[in-house]
Structure formats: C-alpha cells, structure tokens
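Visitor: I'd like to learn how to read helix packing and pockets. Could you walk me through an example?

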Amino acid sequence: HKMFIVVSPLNPDPMYKQVTDQVKDAVASGILKPEEKLPSIREMTRELGISEITIKRAYADLEHEGYIFTRSGLGSFVANVSKEKMRNEKIAEIRQALRRILKSGEKFDISADDIIEAIWKKGVEK
C-alpha cells in the first residue's frame, strides 16, 4: 500500500489538517476507492513520523465528515462519498479562500475585478 500522504512542517496548516485534506483529495481523485482499508493509526504514525494523537484526530475528523468509517478490530475504511458532497465542500473551501484573497487585496486597493483580470491574464508579470 503506497503512502499517498506527505506532511510538511513548512505547510502552515496543522499536521492533522494536512492528513485530512490529503485523504479527502485521494478519495476525490479516486486514488482511494470506497471500502478500501486505510493504514492503521500505528502504521500512519510510523510512516509519517508524527504523533498518534495527530493521526487519531485526523481519522476522527474524517469519520465525522463521512469520508471514512471504522470497524472495531478491523480498522478504518474509505466511505462511499458522493461526488456532489465532495464538490460542494470544495466549492465552500474555495469560496473561503477567495474571501481571504479579496480581504487581503482591499488593503492595497485591489478590486475583485483586478483579481479576476489577474486570473485570466496570460503569463505572469515579474
């Protein structure tokens, strides 16, 4: 079972969120299939070199959000998550990121139109 998660201390997100985000991405992209068994908390801890508490938190969050389910004595498995649910969550996440970008731009008198123009503009100005 190839490890699909890479955590980095340089990433501003907490470790548990890096794990949950990457599991969600792997489910969304089909790397992880419904009913597929996830590495145990112990395996994940060993593989990633982060604390068991961190992995437990990530798995608990993923279970709470319906991305995985746990069978006592058997482990954690990928849930059958609807594409629509994943899409709606990603849209909400993007919307939140865009709000932060707009707020940041306002301080420099950069409008939403300026940002939209920057998105569609070919090439990057140096």
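Guide: We'll take the helix pairs in turn and then the pocket.

Guide: A word on the ground rules. This is a predicted model, where local features need pLDDT of at least 70, side-chain atom pairs count only at pLDDT 80 or more, and totals for chains, interfaces and linings use all residues. Residues are numbered from 1 along each chain as its sequence is written, and side-chain values use heavy atoms, with hydrogens and water left out.

Visitor: How do α2 and α3 pack?

Guide: Two packed helices are described by the angle between their axes and the distance between the axes. Helices are DSSP runs (H or I, at least four residues), numbered from the N terminus. Axes are lines fitted to C-alpha atoms, for helices over the stretch in contact, and angles run from 0 to 180 degrees between N-to-C directions. Here α2 (residues 41–48) and α3 (residues 52–64) have axes 9 Å apart at an angle of about 125°. That pair is therefore oblique (under 35 degrees is roughly parallel, over 145 roughly antiparallel, 65 to 115 roughly perpendicular, the rest oblique).

Visitor: Which residues of α2 and α3 meet?

Guide: From α2 come Ile-41, Met-44, Thr-45 and Leu-48, and from α3 Glu-52, Ile-55, Lys-56 and Tyr-59; contact means heavy atoms within 4.5 Å. By class, that contact has five nonpolar, one polar and two charged residues. For the classes, Ala, Val, Leu, Ile, Met, Phe, Trp, Tyr, Cys and Pro are nonpolar, Asp, Glu, Lys and Arg charged, and the others, Gly among them, polar.

Visitor: What about α1 and α3?

Guide: Their axes are 8 Å apart, at an angle of about 45°, so α1 and α3 are oblique too. Val-19, Val-23 and Lys-24 are among the α1 residues in this contact, and Ile-55, Ala-58 and Leu-62 are among those of α3. The contact divides into seven nonpolar, two polar and three charged residues.

Visitor: And at what angle do α1 and α4 cross?

Guide: Roughly 135°, with the axes coming within 11 Å. So α1 and α4 are oblique to each other. Lys-24, Asp-25, Val-27 and Ala-28 of α1 touch Lys-83, Met-86, Glu-89 and Lys-90 of α4. This contact has three nonpolar, no polar and five charged residues.

Visitor: Which residues line the largest pocket?

Guide: On a 1 Å grid over the protein atoms alone, a pocket is an open set of points where a 1.4 Å probe fits, with protein on both sides within 12 Å along at least five of seven lines; lining residues have an atom within 4 Å of a point. Asp-21, Lys-24, Tyr-67, Met-86 and Arg-87 are among the lining residues. α1 (15–28) and α4 (83–106) each give two or more residues, and α4 gives the most, with six. By class, the lining has three nonpolar, no polar and eight charged residues.
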